[in-house]
Each structure stands twice: as structure tokens, then as C-alpha cells.
There are 2 protein chains.
Amino acid sequence: MAVYTEVPDDALIAFVESYGLGEVTAFKGIAEGVENSNFYLATQTGQYILTLYEKRVARGDLPFFVGLVEHLAGRGVRCPVPVHDKAGQAIRELCGRPAAIFTFLDGMSVRRPQARHCEQVGRTLGALHLAGAGFGLERPNALGLGGWAPLFAQFEDQSDGIAPGLGDLISRELEFLHRAWPGDLPSGVIHADLFPDNIFFRRDEVSGVIDFYFACNDAFGYDIAICLNAWCFEQDHSFNITKGQALFRGYQAVRRLGDAERAAMPVLARGAALRFLLTRGYDWLNTSSDALVQPKDPLEYARRLRFHQSIDQASGFGLIQ
Amino acid sequence: MAVYTEVPDDALIAFVESYGLGEVTAFKGIAEGVENSNFYLATQTGQYILTLYEKRVARGDLPFFVGLVEHLAGRGVRCPVPVHDKAGQAIRELCGRPAAIFTFLDGMSVRRPQARHCEQVGRTLGALHLAGAGFGLERPNALGLGGWAPLFAQFEDQSDGIAPGLGDLISRELEFLHRAWPGDLPSGVIHADLFPDNIFFRRDEVSGVIDFYFACNDAFGYDIAICLNAWCFEQDHSFNITKGQALFRGYQAVRRLGDAERAAMPVLARGAALRFLLTRGYDWLNTSSDALVQPKDPLEYARRLRFHQSIDQASGFGLIQ
């Protein structure tokens, strides 16, 4: 939610010229995307988003991210796609950073999703999972099961400073998940961060998906579990099963879940809650109170985790058939 | 350079509906305007900027700011103007803050102005001064001569912490300015903050002026002096007299300076440098190192001030005739 790099007008004009996009008519830093600097860019040929990749995004991952959105867009998923310069390059450099110009995606994110939005999210996620098939690159999930214990080790000794007992909750959960995690679920490319910020709507219809910078190869069911956490809890932290039903209904209208995925859903939901509890916990302890991006409350995800611990089958989340 | 208030989609949609601007097609917080939260807003009818006024802008000043841009635009100055809602109101409320929707201004600011830009700035400033005539509201300059000593009093005892001797430089300068300040120069509405950030260009032509939130009634020559400080110094803090010449040439092509204004220019330039030295000095000491908006270096203006102290007539800034 910030602009980390300032782009001088002369550097921008030369950069845009190399794409043949015509004269720059407007250019503004925008508060979107936690990992990168993003700019609204208008030229005589249209509207675009210019992204400068800051250090949290590994340069070596860019071909995956940029190639993925092109692959998905070619298979009907609406998402921003990179514009190629006159020499055919999509990933360039600007102000010492990797940079790309993307097509502009209309729409806006919903702040308080309703069940009708959750159904749309389910459909969109299902379509995304199917469309990822055949994409030639792979990216392991650095924030999957294997990444959680090392991440926790970085702040375990301070975790009770966030809330008493939090360290114990996480340690026990890690033990459980390493024991119970399903190893052979249907997998492919997942978005892995499909929060309300990252889906745009127009008139209650999804207009597109943004921010694929956590996308990776992992179990499809885990991506659904992330959405259960991100879309189906209320402000008061209660789980809204109507929203869960809508999410599964939408998803299954596009891709039907298998028995193993259904059975695994409670474990996947716990893992997804733990993943966000861990990254938020780490950020909470490692962000000064005045920083450019305010850290999000990790305890929301401790509460979600405790809820999931009480669920022993997918019907508890609203998966009816 | 920040968004301080989050606007939920449902609140935004209801707000835009009351203007009859059609469906919202895009909405993004933008990093523009230090004092307010600004958003890029696109609807079926066009592109706009939504501004939410945060506490640094006094509610009572809004009729002046909003009325002024309408007055100026009606007299040929290109600037964003407020859109009126269906009931005819330009100043509304959104998320508990005063809010207004403005027309979108094409163009972008220049980071490293050349003499040709300075000439355009001079013309634009002259036109703005003429166009302000007849505007019915007045706003005293809170950051004019009378405001400097009280502002300095708030950090005088810490000023040498910024740089040794700074407190002495400012104290002596305040004494000088209170003695030497000219009292009867041609006056009217001035922009009072016409830095490169606040003028947009397209192909080296000014496309418009933004951010009138320091505008007030004061001497026109003082507004020129602010521009000398803001536009005519190089990165290495040297004064570029070619740029000064261009600024005056542009200004005088539109509004000719009188003898009293010419004679006063060295004093006005010192006052303008002190004004930014004081506000930056205050912000420097009162902004934590991690804040959303990084404070600007006050010492740039101590150097400008020392340069101006060496000049005893306007020709030293490039005013030839």
C-alpha cells in the first residue's frame, strides 16, 4: 500500500517511449500492492499500471509471475497482463529495479463481502485452477507446510509478547499439521493470496484478479482453504457458513472436489490460518509502529485457527455435496 | 503522499451515486497531496480525483479553496475544479471527513525543471495572479511574515540540533525581515506553494496547476519569490540565473512588475526561503523517522537563504528589465 521508489519524469518518458505507447498523459503513484511500487499510467493509447519490483519480490521469480498471468489470460482468466516493449520484452528495468507495464483492470475490491461475492470468488478460483494447467514454469510454495516451522523459529521466543499462550498454540498446531497434512491432493498453480483486496468487481460480477506475487504450485484445496479464511469470517470473527456454502457452490460449479480434498478441508483450513498467523505475527514484531505499511493483527488468525480446530469435516464450513 | 483514510466500496458507491456520475469503474488511493487523502476515481462519465480533507486542512477554509479554483478556472487557469452533486453541493462529507470530487487534470510534474519549464511557470503564475482578481473570499497568509516568529518559537530551543548555528541564523533573519519587509506591494490571491509537484506539464507545456491548499491573500512578488526558491536552484544548491531570467521573462509577459516589487525582490526571496526553512525545520523535529511522509531537509533552505542574503537587487536573480 505504498510507493517506495520515485520515478523521474524524464526516465518515465524514455521508458514508455520504448514501448511505443504514445505520450504520457498522466502518472500517479497508487496505494496498491504491499510488495511493490505501483503507478497509474495513462498514455495516448490507454491506461496501464507500472510496477517496480522492490526487494521482497525475488528477481528470479518474475518470469513465473509474468508468464503465469499471460498464460491465465490466454485461457479466459481476467487479470492484468504485461505489455511487451518494441523489442518484445515484458520484464524491464527502471530506476534500478525490475519493472513491467501491465494492462489496466477495471473494477474495485469489496470491503465487506456478501455471500453473492463469495460465490463469484469460488467460481473465479475454480476457473483459475483449471486455467493454470499446462503452464510450463513451476514455483514451490515458500509459505507452504515446509516454510512454517522456519518462519516461526524467527520469532518463537517473542511470540507470547503478541498474546500470552500464542507460542504454545502455534507449536502444537505445527506438530499437528506436520502429522496430519495430506500429501497427495490434486495440485497445480494456486493464487495463494486471494483476499478481497485482490479481486475486483463491477456490479457484483468479478472483473478480474490481481496480485499473483504469492502464486505457486500447491494443492488446489489449500487455495480454497485460504479463501475460506479470507472471505467467510465476519468482522466479529464468527464464521458465516452461508458464505462458506456460496464459496464451495461457486467453486464446484467449475471444478468438482474429490473425496480426498473434501476430507482434507479441516486440516487445510487450519494450515491456511496458521500461514497468515505466522506471517502476520512476524510482521507484527518486525514493523515499527510508524512504518509505511501498518501490520495486520495476527490474532484474527489465531481466532480463525481455533475455530477450524473445532471442525472435523468439510460440512462444518458449508460444503454440502 | 499518502492515503490516510480507507473508503469502503459501499460508501463510495452511494457517494458517487449522489453526484449522478454513473457506475464506478475504478478506484485507487494515490500518493499525491501531503495534506489530504486522494483517490483516482473513474466512472462511466469520466475520470476524477476524490479528495478527503484530513485534519491539517481547516474545514472553515474549504469554501475559499473550492471557490477559488472555480473562480480561476472560469478565468482560464487550468486546474481541477469541484464537481457539484445533484443538490448543487461541492463540499460534502465521506467517512467522517469533508470530501470533494474534482475533475481530473492530465499531465505530470517535472522532476528536474529546465529553463523552458521556468518560463512556463512564470507565465502560469502571472496568469494566476491576474485571474484571482474579483474573487470574493479572503484568506490571510498564516505562513506569512506574522506567522514566522510564532512558528520558530515552537522549536527554537531544538533548532541547533538540526545544524549548529541554525537558531542564530533564523533569529537574525527574523529581526531583519521584520525591519525590512515591504508593506504595500501589489497583492491579491497567491498560490503560495507552486513547487514542481504542483504544476503538471504535457510536452513541455503547462497542463494545469494543482494543490491550492496554501493559497491566500498576499503580495504577488512573494509568490514569485517562492518560485525562485522552488524552481531555480540546482541539485547542488547553486542558483541558476538562466532559470531566474526565464521565470521573470515568463511572468512579465503576462504581468509587468512595478518598481517597488523589483526593489523588494531580495527581501521577498529571503522571506520565502525562511518560510520553508521554518516549516521544514518544524516538521524535521516533529516527524518520527519512520513516518508515512518523510520530512524534507530544512538545510536546503538555509543554503538558499544564505544565497539570498548575498543579493541586493533583483538583477541578481535574473530580473533584467
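Student: Why is B:Leu285 called partly exposed?

Tutor: The model is a predicted one, and in it B:Leu285 has 15 other C-beta atoms within 10 Å. A residue counts as buried at 20 or more such atoms and as exposed at 12 or fewer, so a count of 15 makes B:Leu285 partly exposed. B:Leu285 lies in helix α8 of chain B, which runs over residues 259–286.

Student: Which residues is B:Leu285 in contact with, leaving aside its neighbours within four places in sequence?

Tutor: With those neighbours left aside, B:Leu285 is in contact with B:Phe155 and B:Gln158, where a contact requires C-beta atoms within 7 Å. B:Leu285 and B:Gly161 are 124 residues apart in sequence, yet their C-alpha atoms are 8.7 Å apart in space.

Student: What makes B:Gly134 count as exposed?

Tutor: B:Gly134 has 9 C-beta neighbours inside 10 Å, and the limit for exposed is 12 or fewer, so B:Gly134 counts as exposed. The place of B:Gly134 is in the loop between α3 and α4 of chain B. From B:Gly134 to B:Thr124 there are 10 residues in sequence and 18 Å in space, C-alpha to C-alpha.

Student: How do you know that the length of helix α3 of chain B agrees with its number of residues?

Tutor: Helix α3 of chain B has 17 residues, 115–131, which at 1.5 Å a residue should span 24 Å, and the C-alpha atoms at its ends are 24 Å apart, so the two values agree. The expected span uses one less than the number of residues.

Student: Why is α3(B) described as mostly covered?

Tutor: Of the 17 residues of α3(B), 15 are buried, each of them having 20 or more other C-beta atoms within 10 Å. For α3(A), too, 15 of its 17 residues are buried.

Student: How do you know that the buried residues of helix α9 of chain B are on the same side?

Tutor: The buried residues of this helix, residues 299–309, are B:Tyr301, B:Ala302, B:Arg304, B:Leu305 and B:His308. They cover an arc of only 160 degrees around the axis, and therefore they lie on the same side of α9(B). As a general point, an α-helix has 3.6 residues a turn, so residues three or four places apart point the same way. What covers the buried residues of α9(B) includes α5, α6 and α8 of chain B.

Student: Why are the two copies said to be related as by a two-fold rotation axis?

Tutor: Chain A is superposed on chain B by a rotation of 180 degrees with 0.0 Å of shift along its axis, at an RMSD of 0.0 Å. The copies are therefore related as by a two-fold rotation axis. Of the residues of chain A, A:Ile30 comes closest to the rotation axis, its C-alpha being at 2.1 Å.

Student: What makes you say that the copies meet through the same surface?

Tutor: Of the interface residues of chain A, 100% are also interface residues in chain B, so the copies meet through the same surface. The contact takes 28 residues from chain A and 28 residues from chain B. The largest share of the side of chain A that touches chain B, seven residues, comes from β1(A), and the residues of that side divide into 12 nonpolar, five polar and 11 charged.

Notes. Residues are numbered from 1 along each chain as its sequence is written. Chains are lettered from A and ligands numbered from 1 in the order in which they are written. This is a predicted model: local features need pLDDT of at least 70, side-chain atom pairs count only at pLDDT 80 or more; totals for chains, interfaces and linings use all residues. Helices (H or I, at least four residues) and strands (E, at least two) are DSSP runs, numbered from the N terminus. Two residues are in contact if their C-beta atoms, placed from the backbone, lie within 7 Å. Ala, Val, Leu, Ile, Met, Phe, Trp, Tyr, Cys and Pro count as nonpolar, Asp, Glu, Lys and Arg as charged, and the others, Gly among them, as polar. Copies are superposed by least squares on the C-alpha atoms of residues with pLDDT of at least 70 in both. The arc is that of the directions from the helix axis to the C-beta atoms.
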